Amino acid sequence: MKAAVIESVGRAVVAEVPDPTPGPREVVVEVAACGLCGTDLHILQGEFAPKLPIVPGHEFAGEVVAVGTRVTEVAPGDQVAVDPSLYCHECRYCRNGHSNLCERWAAIGVTTSGGAAQYALAPVANCVKLPDHIRTADAALIEPLSCAVRGYDVLQSRLGAHVLIYGSGTMGLMMLELAKRTGAASVDVVDLNPERLETARRLGVSGAAAGPDELDRPQGWDLVVDATGNAAAIQDGLDRVAKAGTFLQFGVADYATRVTIDPYRIYNQEITITGSMAVLHSFERAAELFANGVLDPDVFISDRLPLEQYPQALEQFASGVGRKILVVP
């Protein structure tokens with residue numbers, strides 16, 4: 001079969017690789033579409049994936065075409081979205097309910113072959129059946145949505161909060177949609193990319209600007225979310241949190257990224273700084289939200305490119321052109 005392969009740092013190709021064969025509790029999914037994510041860029045840069053080469057792609061959905069001997073939950077022909085998370089279920093963090101922090105953390109498309117291919121292998125436990133009215137290719141959005149749902153679990157958002165989101169890429173826009181539905185009094189978005197800001201306006205925001213100084217909230221915001229991973233945005237966002245407010249580090253920063261905090265202000269104003277790591281008990285909820293129309297796929301998905309163009313798709317994504325980019329085998 002054909003698959004995208006990150007062969008070495010900075011090099012991605014499309015090549016022929018062996019077809020997957022399911023184990024007793026595994027299924028083979030014929031991939032309908034696979035989304036690109038900042039994690040894929042980190043893998044290309046030599047981060048995250050423990051070894052290369054690797055078939056990337058952790059945001060995907062498709063049709064079950066083969067099942068293992070002990071699989072009863074799904075059958076060939078079923079349409080599924082795949083949770084890429086692979087946990088040991090044995091370590092301290094798995095046992096205390098924080099499996100996303102598993103000491104042996106692994107993921108489809110990061111530590112094992114992923115969905116940027118014609119076919120992908122997944123444990124049946126990671127497959128969520130899709131209702132008939134969903135276009136299977138659109139369901140590649142469920143995985144990033146499940147990360148956003150986890151982010152809002154961490155925020156423990158309260159009704160009437162004023163929210164500021166840095167970044168109006170896919171993840172920032174998903175956080176925007178969830179903020180609107182969790183009783184925010186206002187939701188503002190900042191981004192340096194005018195086209196992405198226009199999408200935020202299209203989805204409905206209280207304010208959209210190149211920077212917070214253009215918005216009318218000198219006292220700050222109750223909830224500040226960084227969805228960029230950019231050091232300058234993170235540093236600025238930390239200074240925009242109102243008293244008793246919360247800053248959520250949601251965007252994936254490079255390992256070397258550093259910012260400065262003001263410990264006295266954090267103490268004196270009771271500011272919370274927290275983070276959100278991937279998926280935790282949120283994939284099924286995201287699938288239900290998606291089925292109920294929490295996102296408009298035609299707004300979120302800007303490009304559907306053939307798998308053969310995976311290297312070019314990575315370049316486009318890295319340049320910040322478009323929103324969610326899918327590759328279609």
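Predicted model: local features only at pLDDT ≥ 70, side-chain atom pairs only at ≥ 80, totals over all residues.
Close-up 1. Glu-315 and Ala-318 are exposed on H10. They sit on the face turned away from the buried side of the helix. Helix H10 covers residues 310-319. Gly-320 follows the helix, with a positive phi near 80 degrees.

**Close-up 2. The buried face of helix H10.** Tyr-310, Ala-313, Leu-314, Gln-316 and Phe-317 are the buried residues of H10. Viewed down the helix axis, they fall within an arc of 165 degrees, so they line one face. In an α-helix, residues three or four places apart point the same way, because there are 3.6 residues a turn.

Close-up 3. Strand S6 (85-86) and helix H8 (283-291) each contribute at least two lining residues. By type, the lining comprises seven nonpolar, six polar and two charged residues.

**Close-up 4. Asn-96 in its loop.** The loop runs between helix H2 (92-95) and strand S7 (106-107). Asn-96 has a relative accessibility of 40%, so it counts as partly exposed; the class lies between under 20% for buried and over 50% for exposed. Its side chain makes a polar contact of 3.3 Å with the side chain of His-98. Asn-96 and Ile-325 are 229 residues apart in sequence. In space, their C-alpha atoms are 36 Å apart.

Notes
Residues numbered from 1 in each chain as written. Heavy atoms only, no water. Helix = DSSP H or I, 4+ residues; strand = E, 2+ residues; numbered from the N terminus. Nonpolar A, V, L, I, M, F, W, Y, C, P; charged D, E, K, R; others polar. Buried < 20%, exposed > 50% of the residue type's maximum accessible area, 1.4 Å probe, protein only. Arc of directions from axis to C-beta. Polar contact = N/O pair within 3.5 Å; in protein donor to acceptor, adjacent residues only side chain to side chain.
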